[in-house]
Amino acid sequence: MPGRNVSRRLFVGVMGGGVLAAPVIASARPETTSAAKNAAHSEKPLDAPTRENVAKLLHPLAAGSRLARWTIVQIDPVVNGCVSIKVRTDDGHTFDLELLARDRTALAQRPPAETERHAIFVVNGGNGWATTQEELGLAAMTLAQIVAKNEREVRLSGLLTHAERIENHGDALLVPAEGPG
């Protein structure tokens, strides 16, 4: 049939486009399997975003305690969808980590550290493309280990994903928290 020939190039292009689009489409659809529905109903209800529940999620950390080779200077309550943790290195340099809800979508910004439910970002003044200093990324990963141990018992409400935080509180992003430093 003239005019109905499909070239290999067209075929490969269409198939490749479908393969690339599949993860994006899949991440946009909510899970509707019976296993996902049962898991959602069996989870513990969300805990209020109080200082006490933030402390439980970060236990045994508190202001003045050590996180491996860093010192926790300050832990803020949930504000603008995140928990800010101010950290000091042994040489006196301070930096902030932000605890947010984990975003599982395919196009989500990836933090230096994630747990099952949480994402830990470094406040480094970047726009998402700046590389994270290794020392700061290691602190985020170390904090993630503590959060992972406690997140089964504490399901903190009020946390936003990075994308939700940009949408709702873009002016508060990349700004170090106030406090001793």
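Contact here means heavy atoms within 4.5 Å. The model is predicted: local features need pLDDT of at least 70, side-chain atom pairs count only at pLDDT 80 or more, and totals for chains, interfaces and linings use all residues. Residues are numbered from 1 along each chain as its sequence is written, and side-chain values use heavy atoms, with hydrogens and water left out.

**Exercise 1. List the contacts of Ile85, leaving out residues up to four places away in sequence. Then find its bridge partner in β4.**

Step 1. Ile85 touches Leu58, Ile72, Gln74, Ile75, Phe95, Asp96, Leu97, Leu99 and Leu143.

Step 2. Helices (H or I, at least four residues) and strands (E, at least two) are DSSP runs, numbered from the N terminus. Strand β3 covers residues 82–88 and strand β4 residues 94–101. The two run antiparallel and are joined by 6 bridges.

Step 3. The partner of Ile85 in β4 is Leu97.

**Exercise 2. Give the strand order of the open sheet. Then place α3 on the sheet.**

Step 1. Two strands pair if DSSP finds at least two bridges between them. The order is β1-β2-β3-β4-β6-β5, with antiparallel pairing.

Step 2. The edge strands, each pairing on one side only, are β1 (66–67) and β5 (113–114).

Step 3. Helix α3 packs on the sheet and touches β2 (70–79), β3, β4 and β6 (118–123). Its direction makes about 140° with that of β2. Axes are lines fitted to C-alpha atoms, for helices over the stretch in contact, and angles run from 0 to 180 degrees between N-to-C directions.

Step 4. Helix α5 (residues 162–169) lies across β2, β3, β4 and β6. It runs at about 105° to β4.

**Exercise 3. Is Leu58 buried or exposed? Trace its surroundings.**

Step 1. Leu58 sits in helix α3, residues 51–58.

Step 2. Its relative accessible area is 0%, so Leu58 is buried. The cut-offs are under 20% for buried, over 50% for exposed, and in between for partly exposed (1.4 Å probe, protein chains only).

Step 3. Beyond four places in sequence, Leu58 touches Ile75, Val83, Ile85, Leu99, Leu143, Ile146, Val147 and Asn150. Ile146 is 88 residues away along the chain, yet the two C-alpha atoms are separated by 6.5 Å.

Step 4. A nonpolar core is a set of buried Ala, Val, Leu, Ile, Met, Phe, Trp, Tyr and Cys residues joined through side-chain atoms within 4.5 Å. The largest one has 29 residues; Leu58, Val83, Ile85, Leu97, Ile120 and Leu143 touch the most other members. Helix α4 (134–150) is among the elements that give two or more residues. The largest share, 7 residues, comes from α4.

**Exercise 4. How do α3 and α4 cross, and which residues make the contact?**

Step 1. The axes come within 7 Å and cross at roughly 110°. That makes α3 roughly perpendicular to α4, a class that spans 65 to 115 degrees.

Step 2. Lys56, Leu57 and Leu58 of α3 meet Leu143, Ile146, Val147 and Asn150 of α4.

**Exercise 5. Describe the backbone at Pro60, Ala68 and Asn80.**

Step 1. Most residues other than glycine have a negative phi, and most peptide bonds are trans.

Step 2. A cis peptide bond joins His59 and Pro60, with omega about 15°. Pro60 is in the loop between α3 and β1.

Step 3. Ala68 has a positive phi, near 55°. It lies in the loop between β1 and β2 and is exposed, at 56% relative accessibility.

Step 4. Asn80 also has a positive phi, near 55°. Asn80 lies in the loop between β2 and β3 and is partly exposed, at 31%.

How values were computed
Parallel < 35°, antiparallel > 145°, perpendicular 65-115°, else oblique.
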